[in-house]
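Please read the following report alongside the sequence and the coordinates.

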Amino acid sequence: MNPLRPRRREQDEAPAEVQTILEERARRLLQGAAQEEQEVVWLAELTVAGERYAVPLEQVRGCTRFRNVTAVPLTRRTVLGIHRHEGRVVPVYALAALLGQPWSGDPTVLVVLEPTPGRWIAVDAEAAPIP
């Protein structure tokens, strides 16, 4: 036998018990891969006060610069005002206040969400969401 030449493995080298275990593992891996494909949820990442939060990407309806927000008097501190987006009047919320986080600076973008069908809201964010 030449030491530089690789040894050929025979199919029947592995005992039947080992072969059965390997086949069972392969079957479970294939089933797991199929289940993982069905459970994929795409998320948009928002940063608030240095913390990262995520919302389902399917709920994001848009992202615009933080401007043209009309203040509404006598509202809670979580409500920043209202904004017109794609012909809709959308309430704008302070995401940091909703999450109980300290305010870390001026928000730069509004993220428009549809958390329930037909109800749109906007939240302030420090940067555009990362899908």
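The sections below go from the model as a whole to single residues.

## Model and confidence

The structure is a predicted model, and its chain averages a pLDDT of 81, with 83% of the residues scoring at least 70. Within the chain, confidence is lowest in helix α1 (residues 16-38), where the mean is 77, and highest in strand β5 (residues 88-93), where it is 92.

## The five-stranded sheet

Five strands make up an open sheet of mixed pairing, and their order is β3-β6-β7-β5-β4. The edges of this sheet are β3 (60-65) and β4 (79-85), each of which pairs on one side only. From one strand to the next, the twist averages 30°.

Strands β4 and β5 run antiparallel and are joined by six bridges; R84 stands opposite V89 in β5, while V79 has Y93 in β5 as its bridge partner. These two strands form a hairpin with two residues between them, and in the turn E86 has a positive phi of about 50°. In general terms, the strands of a sheet pair through backbone hydrogen bonds, in either a parallel or an antiparallel arrangement.

## The β1-β2 hairpin

Strand β1 is joined by six bridges to strand β2 (residues 51-56), and the two run antiparallel. E45 stands opposite A54 in β2. Here too the strands form a hairpin with two residues between them, and A49 in the turn has a positive phi of about 50°.

## Nonpolar cores

The largest nonpolar core has 14 residues, of which V60, V111, L113 and V123 touch the most other members. The elements giving two or more residues to this core are β1 (43-48), α2 (95-99), β6 (109-116) and β7 (119-125). Apart from this core lies another, of six residues, among them V90, V92, V112 and W120.

When neighbours within four places in sequence are left aside, V60 is in contact with A44, V55, V111, V112 and L113.

## Two residues in detail

The side chain of E114 reaches the backbone nitrogen of G118 at 2.7 Å.

T108, by contrast, lies in the loop between α2 and β6, and with a relative accessible area of 41% it is partly exposed. Although T108 and F66 are 42 residues apart in sequence, their C-alpha atoms are 5.2 Å apart in space. With neighbours within four places in sequence left aside, the contacts of T108 are T64, R65, F66, A125, E126 and A127.

Note on methods
Residues numbered from 1 in each chain as written. Predicted model: local features only at pLDDT ≥ 70, side-chain atom pairs only at ≥ 80, totals over all residues. Heavy atoms only, no water. Core = buried A, V, L, I, M, F, W, Y, C linked by side-chain atoms within 4.5 Å. Buried < 20%, exposed > 50% of the residue type's maximum accessible area, 1.4 Å probe, protein only. Helix = DSSP H or I, 4+ residues; strand = E, 2+ residues; numbered from the N terminus. Contact = heavy atoms within 4.5 Å. Polar contact = N/O pair within 3.5 Å; in protein donor to acceptor, adjacent residues only side chain to side chain. pLDDT = per-residue confidence, 0-100. Pairing = 2+ DSSP bridges. Axes fitted to C-alpha atoms, helices over the stretch in contact; angles between N-to-C directions.
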